[in-house]
Amino acid sequence: MRRIKCGVLGAGWWATYAHIPAIQQNPKAQLVAIQKRSREEARRVADHFGIPFACTSAEELLAIPGLEAIVISSSPNLHFEQAKAALEQGKHVLIEKPMTLTTSEAEELVDIASENGLQFLISCPWHYTRHSAQAQAMIRQGELGDIRMISILMTNPVSHLIRGASTQPTHGTPYLQPHGSTYSDRSIAGGGQIYTQVCHVAAYLTFLTGSTARNVYARFHHDGAAMDIYDTLNIQMTDDALVSIASTGATGRERRDYEVRIFGTRGMLFLELWRGKMLHIDLEGKETAFPDLAADDIYPHGAPAHNLIDSILDPSRNQSPASLGVAAMAVIEAACSSVASGMPVAIESIHRQPV
């Protein structure tokens, strides 16, 4: 069986927690190289995970012969240049969220991947749950009728990272902690809650519905921080569905909410993603509760890396194309513009070419 040779750019907290273990557990993949800026840290990670090559730059890693797939898990300010270099060299790419710092950068990357016939994925674990697949099918097959309204509450205790008060990760006991500036420096992170967490929600909207936003009106509250901690967005989708998003990183360390409520002309669908629950209610009031997800299936952090390998071997299996990242970046950039102007912002003004 052919094994896909892989490399990881940015072997920090999330890569060592999610991507590296997933690739090494995949019998169809072979992880041959990782990159960190410090030679000592790169060598330590490589030795710990039994990886042959420890690199300190993207150029060094991409020069290794035989690499077919690259996972980009570096800080957001490096995503564009690293992904562009990998794609231009004919590598398939899985890129972490937020995809880039601007929509135009994200669109350029998707164009390069398309021109070169490459698999290009955005790393959003929510796209890989059984409930998400079921919800997507129900919506796109018309079981809910025409979608009229979507309401989303998304929280995750990341405010300490955005404030720069602590680098304690939010998942498990990782091998490494993130650098202090990764989430708290705008030039590195792009923004606060809007880039760190709303990027998940914005991509998920298009994943579920197949539609993109038409315009965005947003408000942020920094709560004394340099970047936004509390965000609210009102969105009109292209199919005239109205969407409201409320998201904050200022919650208790063990408290997470991801409530998605979808209202259609034929029924309603309620998801609680952090709790693995889904409920369908038709207009007659009949309730259908779907089996709860197992704890390990609620946030399948290894799924994006596995799907990268599957997509290379069979492109039809790509469950999270980078075009979803473009849709998310357009919402993020429009939201930031709306906050600056105090006015709704048309999505077509954000894209390089009108959609």
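Predicted model: local features only at pLDDT ≥ 70, side-chain atom pairs only at ≥ 80, totals over all residues.

Helices H5 and H13 run roughly antiparallel to each other, because their axes cross at roughly 170 degrees and an angle over 145 degrees counts as roughly antiparallel. The two axes come within 8 Å.

**Helix pair H5 and H13**
- H5 spans residues 103-115 and H13 spans residues 323-341.
- The crossing of H5 past H13 is left-handed.
- On the H5 side, the contact is made by Thr 103, Ala 106, Glu 107 and Val 110.
- On the H13 side, Ser 323, Val 326, Met 329, Ala 330 and Glu 333 take part.
- Sorted by class, this contact has five nonpolar, two polar and two charged residues.

**Largest cavity**
- The model has four cavities of 30 Å³ or more, and the largest has a volume of about 50 Å³.
- Its lining consists of Trp 126, Thr 129, His 131, Ser 132, Leu 271, Glu 272, Leu 273, Gly 276, Lys 277, Leu 293 and Ile 298.
- Helix H6 (130-140) and strand E12 (267-272) each supply at least two of the lining residues.
- Five residues of this lining are nonpolar, four are polar and two are charged.

**Second largest cavity**
- The second largest cavity holds about 40 Å³ of space.
- Lys 97, Pro 98, Met 99, Ile 122, Cys 124, Cys 199, Ala 203, Gly 325, Ala 328 and Met 329 line the second largest cavity.
- H13 gives the most to this lining, with three residues, and helix H11 (198-209) supplies at least two.
- By class, the lining has eight nonpolar residues, one polar and one charged.

Conventions:
Residues numbered from 1 in each chain as written. Heavy atoms only, no water. Axes fitted to C-alpha atoms, helices over the stretch in contact; angles between N-to-C directions. Helix = DSSP H or I, 4+ residues; strand = E, 2+ residues; numbered from the N terminus. Parallel < 35°, antiparallel > 145°, perpendicular 65-115°, else oblique. Left-handed = near helix turned anticlockwise from the far one by under 90°. Contact = heavy atoms within 4.5 Å. Nonpolar A, V, L, I, M, F, W, Y, C, P; charged D, E, K, R; others polar. 1 Å grid on protein atoms, 1.4 Å probe; cavity = no way out; pocket = protein on both sides within 12 Å on 5 of 7 lines; lining within 4 Å. Points joined across faces, edges and corners; volume = space filled by probe spheres on them.
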